[in-house]
Amino acid sequence: MPIDETREFIPLNIAVLTVSDTRTPEDDKSGDILAERVAKAGHTVAARRIVPDDKGLIRAALKSWIASHGVDVVISTGGTGLTGRDVTPEAFRSVYDKEIDGFSALFHRVSFDKIGTSTIQSRATAGVAQGTYLFALPGSPGACKDGWDEILVHQLDYRFRPCNFVEIMPRLEEHKQRK
């Protein structure tokens, strides 16, 4: 996957959201993995929060970051499974302007190579809301590593070719400029 060294890296402000009824700041391995990788890539961890598996609380966290000029991207971990408490995809979809369908498809392809058909139990999702990218990854440390290392580290790097999410950021809300 080619990096165009003639382009300057553009650091993004990325918020990390852990969705869990049981995690605390002391044992949030998946949130730690994402925050460490975000910082190592040269981006800023703009905020970090843990919220319970509750659609309203997840939605409130997303909406506050979407409204913030200090957050370009939100990456969450947890709540994407099939159990009764897993409501992260529903909360995310309730705020999307547009869903990024290819993210889920690519995440499942990457995941299949690692865990086989068990990937079918994930409902990883992504979208855009008011110019902010939103990505919901499963809660396992392995899934967070795969989502970041195989997809997001590239798509959130302006130097990545042939195209990336960063280069289209200025145009995400161009519809508001129309008269």
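Start with the sheet: select its 6 strands and you'll find an open sheet in the order β2-β1-β3-β6-β5-β4, with mixed pairing. (Strands pair if DSSP finds at least two bridges between them; helices, H or I of at least four residues, and strands, E of at least two, are DSSP runs numbered from the N terminus.) This is a predicted model, where local features need pLDDT of at least 70 and side-chain atom pairs count only at pLDDT 80 or more, while totals for chains, interfaces and linings use all residues. Residues are numbered from 1 along each chain as its sequence is written, and side-chain values use heavy atoms, leaving out hydrogens and water.

Next, pick β5 (residues 125-129) and β6 (residues 132-137): they run antiparallel, joined by 5 bridges. Click T125, and its bridge partner in β6 is A136.

Contact here means heavy atoms within 4.5 Å. Then show helix α2 (residues 55-67), lying across β1, β2, β3, β5 and β6.

Last stop: helices α4 (residues 101-115) and α5 (residues 141-155), whose axes (lines fitted to C-alpha atoms, for helices over the stretch in contact) come within 10 Å. Select F103, L106, F107, V110 and K114 in α4, then A143, D146, G147, E150, I151 and L152 in α5, to see where the two meet.

Key
Axes are lines fitted to C-alpha atoms, for helices over the stretch in contact, and angles run from 0 to 180 degrees between N-to-C directions.
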